[in-house]
Amino acid sequence: MLASHPGMVLEEVCEMCGYYDTSYFIRVFKKQIGLSPGECRDSLQNGKKAQRDE
């Protein structure tokens with residue numbers, strides 16, 4: 001969701017994933033992925049930019 005909808009607000013992503021408490025979603029996401037959703041989104045965007053430049 002974060003990669004395919006980069007302009008979507010985090011609250012919308014949470015609701016689409018079935019979470020209605022954003023802070024809980026962030027905690028679960030960070031525990032599973034090792035990054036916060038914002039850090040993950042930044043990483044995905046930077047990775048895409050790096051791939052385009054090559």
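Helix 2 has 12 residues, which at 1.5 Å a residue should span 16 Å; its end C-alpha atoms lie 16 Å apart, so the two values agree. The expected span is 1.5 Å times one less than the number of residues. Helix 2 covers residues 22-33. G34 follows helix 2 and has a positive phi, near 95°.

This is a predicted model: local features need pLDDT of at least 70, side-chain atom pairs count only at pLDDT 80 or more, and totals for chains, interfaces and linings use all residues. Residues are numbered from 1 along each chain as its sequence is written, and side-chain values use heavy atoms, with hydrogens and water left out.

**Fold and confidence**

The protein has 3 helices and 0 strands. Its pattern along the sequence is α-α-α. Helices (H or I, at least four residues) and strands (E, at least two) are DSSP runs, numbered from the N terminus.

The mean pLDDT of the protein is 85, and 87% of the residues score at least 70. pLDDT is the predictor's confidence in each residue, from 0 to 100. Over residues 49-54, pLDDT stays under 50. For that stretch the model has 0 contacts beyond four places in sequence. A contact means heavy atoms within 4.5 Å.

Among contacts between residues at least 6 apart in sequence, 36% join residues at least 24 apart. The protein exposes about 4100 Å², and carbon and sulfur atoms supply 52% of this area. Accessible areas come from the Shrake-Rupley method with a 1.4 Å probe; for residues, only the protein chains shown count as cover.

**Core and burial**

Buried residues make up 20% of the 54 residues. Buried means under 20% relative accessible area, exposed over 50%, and partly exposed in between (1.4 Å probe, protein chains only).

The largest nonpolar core has 8 residues: L2, M8, L10, V13, C14, F25, F29 and C40. Helix 1 gives the most, with 3. Such a core is a set of buried Ala, Val, Leu, Ile, Met, Phe, Trp, Tyr and Cys residues joined through side-chain atoms within 4.5 Å. In soluble globular proteins, nonpolar side chains tend to be buried together.

L2 is in contact with V13, F29, P37, C40, R41 and L44, leaving aside neighbours within four places in sequence.

| Residue | Relative accessible area | Class |
|---|---|---|
| C14 | 1% | buried |
| C40 | 14% | buried |
| S36 | 17% | buried |
| M1 | 36% | partly exposed |

S36 sits in the loop between helix 2 and helix 3 (37-53). Not counting residues up to four places away in sequence, S36 touches F29 and K30.

M1 belongs to the segment before helix 1. Beyond four places in sequence, M1 touches V13, M16 and C17. M1 and C17 are 16 residues apart in sequence, and their C-alpha atoms are 8.6 Å apart.

**Cysteines**

How many disulfides does a search of the whole structure find? It finds 0. C14 is in no disulfide; the nearest cysteine sulfur, that of C17, is 7.2 Å away. A disulfide here is a pair of cysteine sulfur atoms within 2.5 Å.
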